[in-house]
Each structure stands twice: as C-alpha cells, then as structure tokens.
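Colleague: Thanks for making time. Could you walk me through this model, one question at a time?

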Amino acid sequence: MKKTYVLVGNFGSGKSEISLNIAMKANEAKHGSTVLIDLDIVNPYFRSAERKDMLGENGIKLIYPQYAMTGVEAMSIPPDIYSVFIDEHETVVFDVGGDNTGAIALGQYRRNFAELENLEILYAINCKRPFSAEAELNLEMMNKICAVSRLTVTGLINNANLSNETTAETLYEGYEMVKTISELTGIPVRMTVGTEDVIKGFEALAREKGLEQKYIGELYPITRYMNRDWERFLQNGI
C-alpha cells in the first residue's frame, strides 16, 4: 500500500536528514518506487535537494522548488507535485520547510492529503536547538504548523542531537521532551532517531532506566547524508 510521509518541525529539527533516510531505506527495501519532495520554499541551504545526485543514482525521484540552490531568493513550487498523489510511487516523502512559514506551502494540498489512506504527518523535535528547548515552544510551533498547513500531526520524532557530539544521554533528554509533549497532546511517539552507535547506546540506557516503549517508538538508525564534513564540502560545496 502506498505510504506518504510529511516531515514538519522547527528549524534545526533534522527533517531533511530524516526525509533522506526514509526515502533511502524504502528504496533499499525494494518497497516499489520512491519519490522525495523538497517543499522547502524558505531556506536555501540544508535541504534534501542538495543530495539530488545521490538520490538520482539510487533511482529515487526528486521534486524541488524552481531556483532552489541557485542563489535566487524567489522560489516557486513545481506543478508536478500534484502528480505524486495519483502516480504509482509506493513511498512518498515530503520534506517541508522549517516552522509555520515553511508549512504554508502544504495548505494548498489539503484535499489531496485528505484522500490518502496511509498518511503520516511527523513532527520532528530536536530539544538541543534553542527554539525547541522547551515543551511549550514545541507545542506552540506545532499548533502554528497545523493551523497554516490544515493538517494534523499523527506522530512525534525524537531527533535530539548535537551533530557528531550526540550521545545516548542526548537522546534521553529528547525522550523526556517527547514524552511530555505526547502526554499533553495524546500524539504518539513514532521514532527515536540517531546514528547506529548512538541508537545502540540509547537502547542500553533505556533498558537500564526502564523507559517506556510507547515514548520511544521505533529505534531508527540513520546515515548522516547531510553531514558538513570537509571532504564533502570540497566535493559538493555546502
């Protein structure tokens, strides 16, 4: 059955990294064809479309705004986005721009989303970012995103991280954050995200502390495709 993911959240929440990983994992698992839509019309950098060559090499279709990554500030949404609601792709991933401003672009597709049977609207949370460091700030932003997009969040993602400095304890801080938000809203936690070594460390820590599985969700190891290391900078720029 066709599965559609919509990744929303504040700036620095890691939506693009998670979007790339969902698309790549679906492709590797041979779950039919995959398409990734970079719907970020706000931020010209740190976007999933930066990895268009990698996606293309793996047979993943990419749709992204006209003029993205060209230095032109005014970006327009390509009309072929409408095709993903009716085509034969088995996995569709929307990487949406940060905060409620970026989510405005989703509103025009509300009726299309309403017709989908298997849809996840996932709110990514990185509690180590200033604008996401408190539960109240996340709740406020999530409500704003839902209001402008006219969509309802169906799941939370714990993506607490400090890039290469992330530890199991970092994810534990994120666990406490998403647990609070889940308790206040009734929205389930779908994933706890981190690199494989961090996930393994957190899994051990979760057993030690007796953390509740429902506030962990799926332990989801990722590859850092958006990592800003020097070698990648020399090859691809920012």
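Modeller: Happy to! A word of care to begin with: this is a predicted model, and pLDDT stays under 50 over residues 229-234. For that stretch the model has seven contacts beyond four places in sequence.

Colleague: Which other stretch has a pLDDT below 50, and what does the chain average?

Modeller: Where pLDDT is low, the predicted coordinates should not be read in detail. The other stretch to treat that way is residues 68-74, with eleven contacts beyond near neighbours in sequence. Over the chain, 88% of the residues score at least 70, and the average pLDDT is 88.

Colleague: Good to know. In what order do the strands of the open sheet lie, and which are the edge strands?

Modeller: Eight strands pair in the parallel sense, in the order β3-β2-β4-β1-β5-β6-β7-β8. Neighbouring strands are turned by 25 degrees against each other on average, direction ignored.

Colleague: How many bridges join β1 to β5, and how many pair β1 with β4?

Modeller: On one side, β1 (residues 3-9) is parallel to β4 (residues 91-96), and Tyr-5 stands opposite Val-93 there. On the other pairing, Val-8 stands opposite Tyr-123 in β5. The counts are six bridges for β1 with β5 and five for β1 with β4.

Colleague: Which strands does helix α1 lie across, and at what angle does it run to β4?

Modeller: Helix α1 covers residues 15-28. The strands it lies across are β1, β2 (34-39), β4, β5 (119-125), β6 (155-158), β7 and β8. Its angle to β4 is about 170 degrees.

Colleague: Let's turn to helix α7. Why do its buried residues sit on the same side, and which elements do they pack against?

Modeller: The buried residues of α7 are Val-198, Ile-199, Phe-202, Leu-205 and Ala-206. They cover an arc of only 125 degrees around the axis, so they lie on the same side of α7. The face turned away carries the exposed residues Glu-196, Asp-197, Lys-200, Arg-207 and Glu-208. As for packing, the buried residues meet α6 (168-185), β7 (189-195) and β8.

Colleague: What does α7 span from its first C-alpha to its last, and what phi does Gly-210 take?

Modeller: With 14 residues, 196-209, helix α7 is expected to reach 20 Å at 1.5 Å a residue, and its 20 Å span is close to that. Just after the helix, the phi of Gly-210 is positive, at about 65 degrees.

Notes. Residues are numbered from 1 along each chain as its sequence is written. This is a predicted model: local features need pLDDT of at least 70, side-chain atom pairs count only at pLDDT 80 or more; totals for chains, interfaces and linings use all residues. Side-chain values use heavy atoms; hydrogens and water are left out. pLDDT is the predictor's confidence in each residue, from 0 to 100. Contact means heavy atoms within 4.5 Å. Helices (H or I, at least four residues) and strands (E, at least two) are DSSP runs, numbered from the N terminus. The expected span of a helix is 1.5 Å times one less than its number of residues. Buried means under 20% relative accessible area, exposed over 50%, partly exposed in between (1.4 Å probe, protein chains only). The arc is that of the directions from the helix axis to the C-beta atoms. Two strands pair if DSSP finds at least two bridges between them. Axes are lines fitted to C-alpha atoms, for helices over the stretch in contact, and angles run from 0 to 180 degrees between N-to-C directions.
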